[in-house]
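Work through these exercises with the sequence and the 3D view side by side. Try each task before you read its solution.

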Amino acid sequence: MPVTNPARNYGRPDQGLKREHCTTSHKQDEKPTDALSATETPRDASQQDPLADTSPLLSPEVPAGVDRRNFLIRSAVGGAAAVMTGRYISAEERTAMAVATMPQQAPQVKPVAPAEAPPLAADLNVVKKGAGPVLTTVDEFYKVGPGPSSSHTIGPMRITYDFYQRAAKLPADTLAKATKLQVNLFGSLSATGKGHGTERAALAGLVGKEPATVDPKFLDGLRDKPDQVFPVKLGAKSIDVSLKDIIYDAPKGDFKHPNTMTCKLLAGSEVLLEQEYYSVGGGFIEWKGYTPPKKNEPKYPYRTMKELRTHADNNKTTIAKIMLANEMSIAGKSEADVYAFVDKIINAMVATVKSGLSMPEDDVLPGPIKLHSKAATVYKRAQDDKFQGDRGIGTLSAFALAASEENGRGHLVITAPTGGSAGVMPALVYALVEVRKVDNQKVREGMLAAAAVGYLCKHHATLSAAEGGCQAEIGVASSMAAALVATAYDAPSLVVENAAESALEHHLGMTCDPVAGYVQVPCIERCAFGAVKAWTAYAIASNEIASRHRVNFDETVIALAQTAKEMNSKYKETSEAGLAQSVVLC
Ligand code: SF4
């Protein structure tokens, strides 16, 4: 008889993605138990499987001082040999034979306490920022902007737009002397910026365009006609700028952050204004002398998932509701304001998947890889799959491919948490909203729980592939998506944590090695894997006994930070190793 799993009775999906959302019922985690329920009967191995009962082959007692497992194996082998040859061997004889053939057992050694983890470097976020409570808000975190990379397009575009605004505020007599605007890109921005179109994004910000509202055709135009010149109005002064003013500078050096850039306003060789900036991942930017903006106190301060979940459990509510209360208190917003922003992001995610699926099947993405779009083909063919499970996996993958290919085209995407991972969360959002028809409020709450996962990874580790490889992008995205699905299906807070933990754990160590510096290979398919892994993490977390989940989310985030620190820089968005080396472009 099937054994009932007490931990799985809340609204989990029971079929492939084409099924409608089933009725949900909230059930808190239960204590693990090995006892059988009243409706179950003990399993008799010999009745179910005649080959399963080995007891007649085993000696009844294990002699003192021998290794139990080794002894039982040898005893069974001896018994089996006797059965096969038709000879009767007594239990005593089998014991003697087993002991005689056993290797010498090593003397018992007192177990040694595991070595202490090496101390983390002082410049890691886990050390630097881990002290205070998480203060990030959704409108800082989910950002709409042009792909293909939050750190290489959205971040630099926000940076140059910021510099443009600062320059415009200079006194009129200073501006009157200005002759030139210049942007220098360093580190990873220089190493792989060309493949990401960093120079086009940087120029767009410099001419006063904002990432969330820029028409992707403007960026496409810069790619197709790179010699265009644009006048930039700074007060009464007008300065001409072009792609020649965006300089790919030193890819290696002693930079404060791998994604460093400088912006200058010059009068000949005289510097009128200069600022050093850092694109720190997920579209977030900082600059030399940056201090985080002052914010209100969160209603429920937390620094770890454990603290966040404790708030939820103590208040008999969900992680999402705690997040909502914090968003309102930190940003001074109403519930309606917070949800209005979340709805905007949900709609943008749905739109990016729709747009990707509607592209022609023979579309070729920009760049030297000449990568053919495959989202529409995978989607269509997946619908004909014979097995429902295969249809579900193929369909979910197609949604992720669609959004990720939009990123590869440089079209508008949503950082969740980054551009490279921009296919993962939209795939799950689209599946929940458009396929499963999950209640909109549940999806909103899922977005808040997903944000909490992203905030914690940012707070204690990194969202930047240049700092931590792909585990920091697709890994975090998959973890967020697992929390989204678990929350949308009313899972208890521990299951939400377990799902997020599991998805992150199984991306640890994943490197970033985009072929030719383009966010296409392995990035696009990797988004599909991240989406499927998120669903797998949810499936495991919602079916296991939650309290037996061995690794907690906070431990995995520490592992993410530590792995990021120790990862060879060749695997941190520099295109110097891995697939970027082994894949030959014809
Ligand atoms: S390999 Fe991963 S981290 Fe690197 S660019 Fe691609 S998606 Fe981003």
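**Exercise 1. Sort the residues of the shell around the ligand into nonpolar, polar and charged.**

Solution. The model is predicted. Start with the totals: the shell divides into five nonpolar residues, one polar and three charged. Next, list the names. G420, A465, C470, E473, C512, D513, P522, C523 and R526 surround the ligand. Now sort them. Ala, Cys and Pro count as nonpolar, so A465, C470, C512, P522 and C523 go in that group. Gly counts as polar, so G420 goes there. Glu, Asp and Arg count as charged, so E473, D513 and R526 complete the sorting.

**Exercise 2. Find the order of the strands in the open sheet of five strands.**

Solution. Read across the sheet: the order is β5-β2-β6-β7-β8. The pairing is mixed. Then look at the edges. They are β5 (246–248) and β8 (284–287), and each pairs on one side only. From one strand to the next, the twist averages 25°.

**Exercise 3. Follow β7 to its partners: how many bridges join it to β6, and how many to β8?**

Solution. Recall the rule first. Strands of a sheet pair through backbone hydrogen bonds, either parallel or antiparallel. Take β6 (residues 260–267) and β7 (residues 270–281): eight bridges join them, and they run antiparallel. Now turn to β8. Four bridges join β7 to β8, again antiparallel. Here Y277 stands opposite W287 in β8. The hairpin of β7 and β8 has two residues between the strands, and G282 takes a positive phi near 65° there.

**Exercise 4. Locate the cis peptide bonds at P148 and P522, and the positive phi of K370.**

Solution. Most residues other than glycine have a negative phi, and most peptide bonds are trans. Step one: a cis bond joins G147 and P148, with omega about 10°. P148 lies in the loop between β1 (144–146) and α6. Step two: the bond from V521 to P522 is cis, with omega near 10°. P522 lies in the loop between α20 (493–505) and α21 (523–543), and is one of the residues around the ligand. Step three: K370 has a positive phi, near 55°. Its place is the loop between α13 (335–357) and α14 (375–383).

Technical notes. Residues numbered from 1 in each chain as written. Predicted model: local features only at pLDDT ≥ 70, side-chain atom pairs only at ≥ 80, totals over all residues. Heavy atoms only, no water. Pairing = 2+ DSSP bridges. Axes fitted to C-alpha atoms, helices over the stretch in contact; angles between N-to-C directions. Near = heavy atom within 4 Å.
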